[in-house]
Amino acid sequence: MAAQHEIVDPSSPPPRRAEKGERTRGAILERAVALAYRLGLEGVTIGALATEVGMSKSGMYAHFRSKEALQVAVLDAAAQDFAAAVVEPALRAPRGEPRLRALVDRWLACGRD
């Protein structure tokens with residue numbers, strides 16, 4: 001069997017750089033979600049987050065093109081965190097009241113943490 005070769009677009013950045021960018025974006029989003037919990041979503045701005053993570057505003061704009069894009073990304077990240085911490089574990093409980101109780105208990109614990 002002949003080896004298959006992946007076609008690489010020469011205009012795309014090398015995977016290593018893209019991975020680093022995704023890791024940086026993920027770390028920024030973690031801090032942004034924490035900032036949103038403290039200040040509310042309106043408190044999550046490019047400038048406030050740049051100060052929080054020690055980056056320049058232009059560096060932040062490289063990851064998030066606008067305040068609105070940043071806030072949407074924060075909402076998406078918070079929803080994923082909530083699903084992983086609350087919904088998915090609760091779905092492993094038996095159906096009915098035990099599942100509902102697991103969901104509420106995890107939701108309340110998530111709010112305290």
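**View A. Contacts of Val44 in the predicted model.** Val44 touches Ala32, Leu35, Ala36, Lys67, Leu70, Gln71 and Val74, with residues up to four places away in sequence not counted; contact means heavy atoms within 4.5 Å. This is a predicted model, in which local features need pLDDT of at least 70 and side-chain atom pairs count only at pLDDT 80 or more, while totals for chains, interfaces and linings use all residues. Residues are numbered from 1 along each chain as its sequence is written, and side-chain values use heavy atoms, without hydrogens and water.

**View B. The largest nonpolar core.** This core has 16 residues, and those with the most contacts inside it are Leu29, Val44, Leu49, Met60, Phe64, Leu70 and Val74. Two or more residues each come from α1 (15-39), α2 (46-53) and α4 (67-90), and α1 gives the most, with 6 residues. A nonpolar core is a set of buried Ala, Val, Leu, Ile, Met, Phe, Trp, Tyr and Cys residues joined through side-chain atoms within 4.5 Å. Buried means under 20% relative accessible area, exposed over 50%, and partly exposed in between (1.4 Å probe, protein chains only). Helices (H or I, at least four residues) are DSSP runs, numbered from the N terminus.

**View C. The aromatic pair.** A search of the whole structure finds 1 aromatic pair. Phe82 and Trp107 form this edge-to-face pair, at 6.0 Å centre to centre and 80° between the planes. Rings pair if their centres lie within 6.5 Å, and planes over 60 degrees apart count as edge-to-face. Phe82 lies in helix α4 and Trp107 in helix α5, so the pair ties together parts that are 25 residues apart in sequence. Phe82, at 28% relative accessibility, counts as partly exposed, and Trp107, at 55%, counts as exposed.

Notes: Phe/Tyr/Trp six-rings, centres within 6.5 Å; stacked < 30°, edge-to-face > 60°.
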